[in-house]
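Here is a short note to read beside the model. Please keep the structure open as you go through the points.

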Amino acid sequence: PYDLPDEIKTELQEEVAQIAFNRYPSEQPTRLRDALAEREGVDPESIIVGNGSNELTYTFGLTLLDPGTPMVLPRPLFSLYEKIARLQDADLTEVPPRDDLRFDTDGLVEAVRETGARLTVLATPNNPTGRAMTTEEIERVAAASPGVVVVDEAYVEFNTEPSAVTLMDKHPNVIVLRTMSKAFGLAGTRIGYLIGQPPVVRESMKARLPFKVSRFEEATALALLRRPDLLEERGR
Ligand SMILES: *Cc1c(COP(=O)(O)O)cnc(C)c1O
């Protein structure tokens, strides 16, 4: 519900006036990537900044899925993941929720083992249920999975569990997806990012369209990151 405060909008007008509109942005918005890396405590090489996390979903879908690739999704889940599975003609296995609408961790562990899933997507806290997974539950799926496990953390700022980024050293198959659309309130500006091990990040870059993040978007995100107090008020 929070728009960017007027004082930041005014500050941005001056910055935007300085932007070279005739110049392509760099392939990755490096100042923003560095700022996000510092915030997350990871190397900049572990991050891809994208045009919203939706764009990065397409990127890892293109990177990891071919016709017939085994893929596991829990239900109910943000609908874009099923769409990319269908577009790429992946061999999709869906795992129904438990009665309380939480993901069925036992069912997911069994499904990733049985299918040899190359891609599994978890969302925590999930949209549309608001249910969160414990770190231990995510770790069980990651440990059982022969392929990549994407953890969509669009609402991580409202969660009390630590981020799945804490699992990445032990489980290098974990990729975390973040967005500035929700707690940061930048849905209209389109900034999302992916955190993964550098080899996974390098492979994913090969599938991406270039120049997805404009100079304007980078400046907006940086202006907001300079104001951590705003986020503090909105979270927990
Ligand atoms: C809103 C939302 C996203 C969003 O994405 P952007 O493309 O970054 O705006 C991704 N996943 C979930 C679960 C969401 O609710």
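Is R98 buried, partly exposed or exposed? R98 counts as partly exposed, because its relative accessibility is 37%. Buried means under 20% relative accessible area, exposed over 50%, and partly exposed in between (1.4 Å probe, protein chains only).

1. Ground rules. This is a predicted model, where local features need pLDDT of at least 70, side-chain atom pairs count only at pLDDT 80 or more, and totals for chains, interfaces and linings use all residues. Numbering starts from 1 along each chain as its sequence is written, and side-chain values use heavy atoms, with hydrogens and water left out.

2. R98 and its partner. The side chain of R98 meets that of D100 in a salt bridge, at 3.2 Å, N to O. A salt bridge here is a side-chain nitrogen of Lys or Arg within 4 Å of a carboxyl oxygen of Asp or Glu. D100 is partly exposed, at 29%.

3. Other salt bridges. The whole structure holds 18. One of them joins D3 and K9 at 2.7 Å, N to O. D3 counts as exposed, at 55%, whereas K9 is partly exposed, at 33%. D229 and R227 form another, at 3.0 Å, N to O. Shared partners link R39, E40, E153 and R178 into one network.

4. Helix α4. This helix spans residues 80-87, and L80, Y81, I84 and A85 are buried in it. They lie on the same side of α4, because they cover an arc of only 145° around the axis. The arc is taken from the directions from the helix axis to the C-beta atoms. Exposed residues R86 and L87 sit on the face turned away from the buried side.

Key
Helices (H or I, at least four residues) and strands (E, at least two) are DSSP runs, numbered from the N terminus.
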